Amino acid sequence: MQTGSTPQNDRTGDSALGELGAQARGASGGLLPEIWMQDGAKRVEQVLARLLRAEHEAELMAAMRYATLHGGKRTRALLCLAAGGLADTPAHMLDDVGAAVEMMHACTLVHDDLPAMDDDVLRRGLPTVHVKFGEATAILVGDALQAHAFLTLASLDAPGDNRIALVRELAQAVSAEGAAGGQAMDLSLVGKHVELDKIVEMHRMKSGALVRASVRMGALCAIAEDAAHAALYCALDHYSACFGLALQVIDDILDVTADTATLGKTPGKDAAAQKPTCASIMGLQAARQFALDLLRDAREAIAPLGPRAERLAQLLQRANAYLFKHAPCA
Ligand code: IPE
Ligand code: IPE
Ligand code: MG
Ligand code: MG
Ligand code: MG
């Protein structure tokens, strides 16, 4: 497989930003959050564009590019890059792993939008894949994106054990114990009154599992999961469990509070479809506080990792700011 766009000896992917000089750096000397996030997302998108290039422009590949390349906050890829930054991980490897995670995420979104699932017509500000290309193509886009995600990991320029560990992480995240199981639970709970514990379990599976995998995969690129690193993986798991749940709680809240332009999706869909969510069960203000508490817990979980976890903390701040902006306190 071709490697990513950054030089192989660039351990962070930041060297190309050198020309921006001091303006790109904060007081601690690290790149400003908006700079590394924009740059990281751009690099991962370049990898996606390269990996999803058809020799001949088949409609299926065009639909895969449509599903993958147009927008999205790239949270999962950035989590992967940030976790990879805990060690001396080659940037080109992280960019490829981040692209694999984003392909898998796009697969879950395309299937989530299908008429048999949430029946959504808008995603990332554009008509959903089944609206634009037809339902059969949308199903195949999900299938193929999933396959390409695994192909990307299997083809990494890394030792076999490492590649197997990454493939296993991603497979587990979308298995019956992960996103697929969580989505099944989501559909089974339509119109039902359920306890918060059940919603939390569903959220941890349907979206939390892939967030956890994104963090773990970034770390696994260069840090062995052995006894010497048990505390680090434990901290990362606590961080990602809180962050993954917070992201879905925020998504539930914004479905109620935000408009189409902000969401790039149709607002009010959860209530219209009688989906029990954190917002519907707890009420907006309590759900908002729940999300804020989870983001704080995630921050505390990585505190022992020190300054090398700065980028993981900055992603929490980004989510916090997003919540404040689009779901202000009543
Ligand atoms: C949407 O995820 C689906 C959820 C799991 C909440 P994002 O809000 O991260 O979607 P994009 O990638 O930014 O479009
Ligand atoms: C879906 O949750 C999470 C996935 C596994 C894709 P939602 O159904 O709430 O996601 P949106 O609101 O459509 O993005
Ligand atoms: Mg859904
Ligand atoms: Mg949905
Ligand atoms: Mg939603």
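Here are some exercises with worked solutions on a predicted model.

**Exercise 1. Work out how α10 sits against α15, and which residues make the contact.**

Start with the geometry. Helix α10 covers residues 230-257 and helix α15 covers residues 310-326. Their axes come within 10 Å and cross at roughly 15°. Angles under 35 degrees count as roughly parallel, so α10 runs roughly parallel to α15. The crossing of the two is left-handed.

Next, the residues. On the α10 side you'll find Tyr-239, Phe-243, Ala-246, Leu-247, Ile-250, Leu-254 and Thr-257. Facing them from α15 are Leu-312, Leu-316, Ala-319, Tyr-322, Leu-323 and His-326. Sort this contact by class and you get eleven nonpolar, two polar and no charged residues.

**Exercise 2. Which way does α7 run relative to α9, and what do the two helices touch with?**

Step one is the angle: the axes of α7 (residues 160-173) and α9 cross at roughly 170° and come within 8 Å. Step two is the direction, and that angle makes α7 roughly antiparallel to α9.

Step three is the list of partners. From α7 come Ala-165, Leu-166, Glu-169, Leu-170, Gln-172 and Ala-173. From α9 come Ala-209, Leu-210, Arg-212, Ala-213, Arg-216, Met-217 and Leu-220. By class, that's nine nonpolar, one polar and three charged residues.

**Exercise 3. Describe the shell around ligand 1.**

Begin with the members: Gly-72, Lys-73, Thr-75, His-105, Arg-124, Ser-207, Leu-247, Gln-248 and Asp-251. Which element gives the most to this shell? That's α10, with three residues. In terms of class, the shell around ligand 1 holds one nonpolar, five polar and three charged residues.

Now pick out Arg-124, one of the shell residues. Arg-124 belongs to the loop between β1 (122-123) and β2 (126-127). Its phi is near 55°, a positive value in a residue other than glycine.

**Exercise 4. Describe the shell around ligand 2, then follow Ala-179 out of it.**

The shell of ligand 2 is made up of Thr-108, Leu-109, Asp-112, Asp-118, Asp-120, Ala-179, Gln-183, Lys-206, Ser-207, Asp-251 and Lys-265. Elements that give two or more residues are α4 (91-113), α8 (179-188) and α9 (196-220). The biggest giver is α4, with three residues. Sorted by class, the shell around ligand 2 has two nonpolar, three polar and six charged residues.

Now for Ala-179, which lies in helix α8. Count 25 other C-beta atoms within 10 Å and you have a buried residue, since 20 or more is the cut-off. Leave aside the neighbours within four places in sequence, and Ala-179 is in contact with Thr-108, Ala-173, Val-174, Met-205, Lys-206, Ala-209 and Leu-210. Ser-207 sits 28 residues along the chain from Ala-179, yet their C-alpha atoms are separated by 6.1 Å.

**Exercise 5. Are Gln-274 and Cys-329 buried or exposed?**

Take Gln-274 to begin with. You'll find Gln-274 in the loop between α12 (269-272) and α13 (278-282). Its phi is near 55°, a positive value in a residue other than glycine. There are 11 other C-beta atoms within 10 Å of Gln-274, so Gln-274 is exposed.

Then Cys-329, which is placed in the segment after α15. Here the count is 8 other C-beta atoms within 10 Å, so Cys-329 is exposed. To see where Cys-329 ends up, check Gln-289: the two are 40 residues apart in sequence and 9.6 Å apart in space, C-alpha to C-alpha.

How values were computed. Residues numbered from 1 in each chain as written. Chains lettered and ligands numbered in written order. Predicted model: local features only at pLDDT ≥ 70, side-chain atom pairs only at ≥ 80, totals over all residues. Axes fitted to C-alpha atoms, helices over the stretch in contact; angles between N-to-C directions. Helix = DSSP H or I, 4+ residues; strand = E, 2+ residues; numbered from the N terminus. Parallel < 35°, antiparallel > 145°, perpendicular 65-115°, else oblique. Left-handed = near helix turned anticlockwise from the far one by under 90°. Contact = placed C-beta atoms within 7 Å. Nonpolar A, V, L, I, M, F, W, Y, C, P; charged D, E, K, R; others polar. Buried ≥ 20, exposed ≤ 12 C-beta atoms within 10 Å, placed from the backbone. Near = placed C-beta within 6 Å.
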